[in-house]
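Here are my notes for you on this one. Keep the viewer open and follow along point by point.

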Amino acid sequence: MNQQLNIPTGYLKDNLGRLVPIENVEAIDLERHELVLALVTKAKELQQDMLKFKLDAFGDVAAMVELSLEQYGVKVGGKKGNVSLTSFDGKYKVQRSIAEHITFDERLLAAKALIDQCIHRWTENSGTEIKALVEQAFQVDKQGNLSTARILGLRRIKIDDKDWLKAMEAIADSIQVTGSKSYIRLYERCGETDQFKPVSLDLAKL
């Protein structure tokens with residue numbers, strides 16, 4: 001089974017790019033070579049089938065949403081929005097979810113400065129825990145990226161302070177949506193319970 005181009009009949013190319021006559025290849029090496037090519041070929045075919053399934057699934061879910069909206073005479077622009085579809089018997093569920101990628105612009109620096117002012121102004125006893133939360137929120141990972149979840153988590157802290165509220169406003173203003181990624185997830189109900197288990201399409205989880 002020779003899927004490589006520009007290789008003369010009766011030869012194989014080794015890992016150094018050299019042409020080797022097949023009769024000079026050990027039988028076990030040839031068997032291994034054929035097995036690997038066969039599995040990779042099947043995997044690539046499966047990959048194409050999965051890609052087609054993904055595209056078809058997104059299209060079918062979008063069509064279902066549009067059909068439902070038409071019953072009420074409304075239209076929704078764009079393709080955004082999380083949707084959950086359940087089979088009539090409640091056994092299966094399909095979810096379409098849109099995950100947005102969020103970054104922060106330079107106004108985040110203003111927010112950090114305002115927060116630092118708050119911590120400096122507050123008494124040591126009342127500011128210690130908040131200071132630890134803030135320092136953790138603004139830590140960067142090995143790639144130099146900030147944790148979006150931790151920074152946005154600061155906005156859930158209710159503090160009635162003018163500078164703190166201004167800092168939270170600066171965080172909100174600094175948010176930039178730089179892209180989004182769509183997911184299709186399938187679930188099957190676990191027996192008669194209210195729990196659903198994912199229908200895994202990950203080879204490692206099968």
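1. Start with Ser174: its side chain reaches the backbone oxygen of Ile171 at 2.8 Å. That is a polar contact (N or O atoms within 3.5 Å, one able to donate a hydrogen and the other to accept it; residues adjacent in sequence count only if both atoms are side-chain atoms). Ser174 sits in helix H5, residues 162–174, and is buried at 0% relative accessible area. Buried means under 20%, exposed over 50%, partly exposed in between, with a 1.4 Å probe and protein chains only.

2. A word on the source: this is a predicted model, where local features need pLDDT of at least 70 and side-chain atom pairs count only at pLDDT 80 or more, while totals for chains, interfaces and linings use all residues. Residues are numbered from 1 along each chain as its sequence is written, and side-chain values use heavy atoms, leaving out hydrogens and water.

3. Now the salt bridges (a Lys or Arg side-chain nitrogen within 4 Å of an Asp or Glu carboxyl oxygen). The count is eight. Among them, Asp105 and Arg107 meet at 2.6 Å, N to O; Asp105 is buried at 17%, whereas Arg107 is partly exposed at 35%.

4. Another one joins Asp194 and Arg189 at 3.9 Å. Here Asp194 is exposed at 68% and Arg189 partly exposed at 23%. Shared partners also link Arg121, Asp161 and Asp163 into one salt-bridge network.

5. Which residue lies over the face of Tyr183? Arg185 does, at 4.7 Å from the ring centre. Likewise, Lys93 lies over the face of Tyr187, at 5.5 Å. The rule asks for NZ of Lys or CZ of Arg within 6 Å of the ring centre and within 35 degrees of the ring normal.

Note on methods. Helix = DSSP H or I, 4+ residues; strand = E, 2+ residues; numbered from the N terminus.
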